[in-house]
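Trainee: I would like to go through this model and ask what lies behind each label. Please set the values against the cut-offs.

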Amino acid sequence: MLSRSCINLVDFASSDIFNFPQTPRALPRMMTVPGIITDVDVNESNDGNSDSPSSSPRKQIIVANFLPLHAQKNSETGKWSFSFDEDSLLLQMKDGFSIDTDVFYVGSLKINVDLSEQEEVAQKLLDEFKCVPTFLPDDLQKKFYHGFCKQHLWPLFHYMLPICPDYGSRFDRVLWQAYVSANKIFADKVMEVINPEEDYVWVHDYHLMVLPTFLRKRFYRVKLGFFLHSPFPSSEIYRTLPVRNEILKALLNVDLIGFHTFDYARHFLSCCSRLLGLDYESKRGYIGLEYFGRTVYIKILHVGIHMGRIESALNHPTSSIKVKELQEQFKGKKIIVGVDDMDIFKGISLKLQAMEQLLLQHPELRGKLVLVQIVNPARSMGKDVQEAKKETYMITKRINEEYGFPGYAPVVLIDRPVPLYEKTAYYALAECCIINAVRDGMNLMPYKYTVCRQGTPKMDEALEMPSGCPRTSMLVVSEFIGCSPSLSGAIRVNPWNIDAVADALYDAITMSDVEKQLRHEKHYRYISSHDVAYWAHSFMLDLERACRDHYGKRCWGIGLGLSFRILSLSPSFRKLSFDHIVAAYKRTSRRAILLDYDGTVVPESSVVNNPSRDVIYVLRKLCGDPNNTVFIVSGRGKDSLGNWLAPCENLGIAAEHGYYLRWNSKSEWETSHVTSDFEWKKTAEPVMKLYTEATDGSYIETKESALVWHYQDADPDFGSCQAKELLDHLESVLANEPVVVKRGHNIVEVKPQVCMRSLVFVFQFQPQDLMLASTNFQGVTKGLVVEKVLSTMLSNGKLPDFVMCIGDDRSDEDMFESISSTAYGSSLPVAPEIFACTVGQKPSKARYYLDDADEVSSLLGRLAAGSPWHYRFSTKV
């Protein structure tokens with residue numbers, strides 16, 4: 001690892017990269033997807049609450065499979081020459097960063113460099129282009145890119161499963177190991193230039209999905225974002241990947257994950273729920289996943305185009321010449337244009353069949369309509385690509401033979417590299433543009449087409465269009481491509497329905513000019529305001545926001561290999577010191593000890609629910625001390641707890657979260673201040689049964705005071721949906737009943753409403769001066785048990801000087817909150833020693849943690865050793 005002073009040597013590299021117009025501007029406050037609004041204002045002050053990027057100098061490190069460079073070696077001189085690829089998205093996104101941001105690129109060159117030349121080339125690229133090449137060995141590059149990326153990830157993310165060897169490659173662990181090794185090399189290169197305290201790292205696409213784990217393992221607080229440019233498949237598809245968990249966990253090591261559409265994000269969140277048990281929630285318009293104390297945010301925004309680049313191409317002299325040639329070539333004909341890569345997912349053959357169907361159904365269009373299909377070079381040359389290419393040529397030949405005649409070919413197939421200026425000429429002339437992919441992620445062709453139809457003064461002059469002439473355009477887009485949701489004025493089609501696509505094409509070319517104009521203007525407004533600069537700037541704003549709390553928490557690295565993750569907790573949250581609490585225990589004389597049962601006193605994974613002999617012995621010794629008030633506070637029923645804990649005669653028990661409470665084995669069970677009328681169960685139980693019958697894996701738990709609907713064994717998405725419906729249903733039918741309906745972790749619970757007085761304690765040095773404030777209604781919770789136990793001690797003149805509360809789940813958080821507000825909120829002469837402790841390292845309202853139930857038992861044993869063995873008995877504290 002380079003030192004910080006050495007790292008900063010990269011600042012001497014030059015930063016001049018653009019030859020075409022940039023589009024710097026204040027980006028508007030806009031809604032990226034319904035309900036998610038990004039605040040963007042480059043003029044905001046740079047304070048702690050600002051949403052704008054920091055104005056202090058920093059590096060933005062862009063990591064992608066390939067560098068945005070053209071590379072060429074002179075065969076005569078042997079010298080290398082490099083230039084930026086002006087069409088590269090990675091280069092164009094620099095417009096979205098602040099002027100004083102140094103942008104560095106990490107990635108591979110698209111051409112091999114001899115080992116003896118790599119050091120010289122690397123230095124040249126760093127000095128002149130701020131690029132850091134990875135130089136993967138040939139064999140590794142082949143297995144990584146052409147192997148795992150193209151044979152496994154790319155087909156799978158486009159919903160293609162290797163059902164048989166002829167249709168996709170089966171999982172190969174050697175290729176997976178190559179993928180991991182390549183990602184490690186990329187991460188090492190990032191480490192060479194990063195200043196982890198200041199710089200931001202933005203990783204791109206499915207080639208580098210495990211790279212975040214390597215960076216996070218080296219720098220716990222690295223500011224790290226990731227954007228997926230391909231679709232993310234549904235959980236049913238993704239779950240077939242043998243390394244599914246490793247990739248998900250690696251992605252969760254970033255701070256912000258970006259997707260083109262909500263569908264892709266929803267699929268990712270569903271996978272996290274089904275495979276890792278993680279739930280997400282939306283807070284103030286931002287979707288976040290809680291993962292070991294960190295919040296991993298989700299960004300939904302489609303990539304835009306570089307307006308300046310397209311307009312420059314339109315103004316290119318060659319473009320004007322080409323458009324005049326095309327006008328003459330297609331004189332008197334309407335043009336439909338399509339531009340696609342040659343692969344099996346672009347739907348080229350389906351598009352051609354739709355054109356064939358259109359000409360069959362509407363003979364009057366023959367000789368007047370032409371489909372110009374531009375085919376970009378294939379990115380791979382597998383068997384499936386060759387078959388797709390063969391089918392494309394076969395269908396084109398059939399259509400032209402059937403419906404063409406001398407001087408007219410219905411389909412013009414251009415299968416060669418076409419420069420941008422030539423494509424813009426086709427876009428500018430075409431009445432309609434069709435994108436018929438069966439599955440696609442980032443497809444910017446509709447955006448480019450719309451901008452070209454808007455035109456420029458030079459293009460208008462070439463087309464002999466008067467200034468101010470209304471602009472029109474029509475889009476027919478597949479509903480399975482990433483840009484489809486953003487093009488609300490387009491005609492959306494199912495590419496597999498050939499008749500429907502043919503009808504859509506007919507509607508597009510016969511639509512009135514007024515409607516075409518309205519649709520065009522709507523699209524152009526969106527595209528021009530959501531360009532590549534807006535996308536990059538918006539992503540960086542959200543990445544900064546996601547990283548704000550990095551230094552506000554303590555971090556631990558846990559897990560091995562690709563299961564590594566960061567545990568991030570509050571600085572005040574620390575492991576409970578046995579020596580510290582034992583010392584406090586020994587110097588105090590009025591102690592309150594409240595313990596959860598499952599997962600605390602008894603291990604949660606235990607098959608046997610009753611406590612061990614050791615636990616019984618420790619509890620008996622603790623509650624045998626007259627200075628102690630010891631309670632087990634559990635959600636279990638009173639009969640079970642009473643039987644299991646019968647040997648502990650002086651032990652207090654609060655069952656069913658405190659609805660039933662007794663102070664020792666000889667006292668009667670008390671109930672909370674509620675009516676004994678449980679008639680509401682006759683209404684609630686049939687409703688729950690309806691949802692149980694309709695939700696496989698759910699069941700009803702019947703308690704004396706409550707009804708609980710469990711769905712942890714149901715399908716996560718369906719169970720969650722049913723729980724929401726059940727909650728609404730129960731709240732409606734029980735609106736006039738004295739009950740509370742609550743939704744918890746995989747449960748919906750109905751329990752009695754308790755009339756309580758808020759326990760606001762005011763002391764004037766005498767315990768009898770206890771005052772109670774306003775009355776309120778709430779459900780039975782463990783927090784109310786804490787309040788009742790402490791208030792009883794106070795009213796009996798036993799001011800607590802030691803309070804310990806230990807629990808492991810969400811219901812225990814009520815105890816932790818109550819113990820703090822009740823004890824610290826009191827005006828006691830001397831503040832008691834408070835020990836709120838959760839079991840397991842996880843975000844909690846408690847200030848302390850113990851690792852597991854075994855440590856809880858050890859702690860109780862240490863405390864019991866400090867208590868004299870008395871046997872006392874009383875009916876109440």
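**Labels and the values behind them**

Mentor: Start with K638 and Y660. The charged end of K638 sits over the ring of Y660, 5.4 Å from its centre. Keep in mind that this is a predicted model.

Trainee: What makes the charged end of K638 count as sitting over the ring of Y660?

Mentor: The distance is 5.4 Å. The cut-off is within 6 Å of the ring centre, and the charge must also be within 35 degrees of the ring normal.

Trainee: Where does the charged end of R591 sit?

Mentor: Over the ring of Y585, 3.9 Å from its centre. That value is also within 6 Å.

Trainee: Which core includes Y585 and Y660?

Mentor: First, the largest nonpolar core. It has 185 residues, and V63, V201, W202, F232, I247, F268 and W535 touch the most other members. Helix α5 (residues 173–193) gives the largest share of this core, 11 residues. A second, separate core of 40 residues includes Y585, V615, Y660 and L860.

Trainee: Now the rings. How many aromatic pairs does the structure hold?

Mentor: The structure holds 34 aromatic pairs. One of them joins W202 and F539.

Trainee: Why is the pair of W202 and F539 called stacked?

Mentor: Take the centres, then the planes. The centres are 4.1 Å apart, and rings pair within 6.5 Å. The planes are 5 degrees apart, and under 30 degrees counts as stacked. So the pair of W202 and F539 is stacked.

Trainee: What does the pair of W202 and F539 tie together?

Mentor: W202 lies in strand β8 (residues 200–204) and F539 in helix α19 (residues 532–546), so the pair ties together parts that are 337 residues apart in sequence.

Trainee: How do you know whether W202 is buried or exposed?

Mentor: The relative accessible area of W202 is 0%. Buried means under 20%. W202 is therefore buried. F539 also has a relative accessible area of 0% and is buried.

Trainee: Why is the pair of F259 and F268 called tilted?

Mentor: The ring centres of F259 and F268 are 5.4 Å apart, with the planes at 40 degrees. Stacked needs under 30 degrees and edge-to-face needs over 60, so a value in between counts as tilted. Both F259 and F268 are buried.

Trainee: Which residues is F268 in contact with, leaving aside its neighbours within four places in sequence?

Mentor: F232, L248, L251, L252, I257, F259, L289 and I298.

Trainee: Which residues do ring pairs link into a cluster?

Mentor: F144, F148, F171, W176, Y179 and F186.

Trainee: On to N253. Where does N253 lie, and how do you know if it is buried or exposed?

Mentor: N253 lies in the loop between α8 (244–251) and β10 (256–259). Its relative accessibility is 0%. With the cut-off at under 20%, N253 counts as buried.

Trainee: What makes the link between the side chains of N253 and T213 a polar contact?

Mentor: Their distance is 3.0 Å, and the cut-off is within 3.5 Å. The backbone oxygen of F564 lies 3.1 Å from a polar atom of the N253 side chain.

Trainee: How far apart are N253 and R565?

Mentor: They are 312 residues apart in sequence and 6.3 Å apart in space, C-alpha to C-alpha. R565 is also among the contacts of N253.

Note on methods
Residues numbered from 1 in each chain as written. Predicted model: local features only at pLDDT ≥ 70, side-chain atom pairs only at ≥ 80, totals over all residues. Heavy atoms only, no water. Phe/Tyr/Trp six-rings, centres within 6.5 Å; stacked < 30°, edge-to-face > 60°. Helix = DSSP H or I, 4+ residues; strand = E, 2+ residues; numbered from the N terminus. Buried < 20%, exposed > 50% of the residue type's maximum accessible area, 1.4 Å probe, protein only. Core = buried A, V, L, I, M, F, W, Y, C linked by side-chain atoms within 4.5 Å. Contact = heavy atoms within 4.5 Å. Polar contact = N/O pair within 3.5 Å; in protein donor to acceptor, adjacent residues only side chain to side chain.
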